[in-house]
Amino acid sequence: MTVQAIVFDFDGVLADSEPLHLKAYQALFEPHGIHLDQKTYCERYLGYDDEGALTRIAEDNGLILGDEEIELLVVEKGHVFEALVGSRDVLYRGAADCVRRLAAAWPVGVASGAVRADIDLMLRGAGIQDLFRFIVAAGDTDRTKPAPDPYLRAAELHGVAPGACVAIEDSHWGLESARGAGMRTIAITHTYPRSALTEADAVVDSLDELTRDFIARLQ
């Protein structure tokens with residue numbers, strides 16, 4: 001099937017924001033005596049949205065939190081994250097050029113487990129928010145990645161079959177979600193090595209590699 005649309009994951013693909021998410025989680029849990037390191041975060045929590053990550057971090061460390069407490073932590077985490085981002089451009093080198101390049105050939109959208117306000121903040125900082133047809137963010141679907149729901153919604157918003165979309169991801173959870181929706185996938189090694197991304201149809205080491213010709217070869 002001919003490629004008709006592109007769907008980007010956000011954190012770890014376009015935005016070098018995972019270290020900031022980790023710092024925000026650390027700030028929330030340090031007062032509870034929970035010390036979250038980068039290795040544990042990447043192995044256990046990176047693929048979840050804020051609600052899912054906060055719930056699982058608490059459960060794994062024997063911290064009992066109710067739904068209202070989790071909701072409050074989600075809001076607090078958003079404030080901490082926004083303060084960490086500030087007005088900086090936290091996108092990867094070449095991310096804005098990559099989006100412009102692909103948006104000139106196909107409509108582009110975002111399917112992410114991140115909070116919409118966080119995504120908007122970072123896209124505005126880079127000046128590319130108007131290039132995206134839509135953003136599917138945390139809370140926009142009943143289930144989050146690795147379930148296929150975010151990518152199925154993205155295909156619906158693009159108005160094309162999932163098989164006509166190419167998803168660009170950085171994690172096993174995201175690839176599982178996109179493949180479950182029926183999309184072709186490209187993985188980028190920003191977060192994990194190639195050995196952890198073998199289920200992707202193609203793997204790249206840099207956003208500079210994502211050209212119209214490269215993606216067209218997936219057809």
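The following legends describe close-up views of a predicted model.

**View 1. The open sheet of six parallel strands.** The strands of this sheet follow the order β3-β2-β1-β4-β5-β6, and their pairing is parallel. From one strand to the next, the twist averages 20°. Strands of a sheet pair through backbone hydrogen bonds, in either a parallel or an antiparallel arrangement.

**View 2. Strand β2 and its two partners.** Three bridges join β1 to β2, and these two strands run parallel. Within this pairing, F8 stands opposite V110 in β2. Strand β2 also pairs with β3 in the parallel sense, again over three bridges, and here A111 stands opposite V136 in β3. In a regular strand the side chains alternate between the two faces of the sheet. In β2, V108 and V110 point one way, whereas G109 and A111 point the other way. These four residues of β2 are all buried.

View 3. Strand β5, which spans residues 184–188, pairs with β6 in the parallel sense over three bridges. Residue I186 stands opposite A202 in β6.

View 4. Helix α6 (residues 116–126) lies across β2 (108–111) and β3, and runs at about 145° to β3. Helix α7 (residues 149–158) lies across β1 (5–8), β2, β3 and β4 (165–169). The angle between α7 and β3 is about 150°.

View 5. Rolling a probe the size of a water molecule over the atoms shows where empty space is left. A search of the whole structure finds two cavities of 30 Å³ or more. The largest cavity holds about 240 Å³ of space. Its lining comprises 23 residues, and those closest to its centre are E18, L46, G47, Y48 and G113. Helices α1 (18–29), α2 (38–45) and α8 (172–181) each supply at least two residues of this lining. The most is given by α1, with three residues. By class, the lining of the largest cavity divides into seven nonpolar, seven polar and nine charged residues.

**View 6. The second largest cavity.** About 40 Å³ of space lies in this cavity. The residues lining the second largest cavity are S112, G113, V136, A137, A138, G139, T141, T144, K145 and P150. Four of these lining residues are nonpolar, five are polar and one is charged. Residue V136, part of this lining, is also the residue of β3 that stands opposite A111.

**View 7. The largest pocket, at helices α3 and α4.** The volume of the largest pocket is about 240 Å³. The pocket is lined by 15 residues, and E51, T55, I70, E71 and V74 lie nearest its centre. Helices α3 (50–60) and α4 (67–85) each supply at least two residues of the lining of the largest pocket. Helix α3 gives the most to this lining, with five residues. The lining of the pocket contains eight nonpolar, one polar and six charged residues.

Conventions
Residues numbered from 1 in each chain as written. Predicted model: local features only at pLDDT ≥ 70, side-chain atom pairs only at ≥ 80, totals over all residues. Heavy atoms only, no water. Pairing = 2+ DSSP bridges. Axes fitted to C-alpha atoms, helices over the stretch in contact; angles between N-to-C directions. Contact = heavy atoms within 4.5 Å. 1 Å grid on protein atoms, 1.4 Å probe; cavity = no way out; pocket = protein on both sides within 12 Å on 5 of 7 lines; lining within 4 Å. Points joined across faces, edges and corners; volume = space filled by probe spheres on them. Nonpolar A, V, L, I, M, F, W, Y, C, P; charged D, E, K, R; others polar. Buried < 20%, exposed > 50% of the residue type's maximum accessible area, 1.4 Å probe, protein only.
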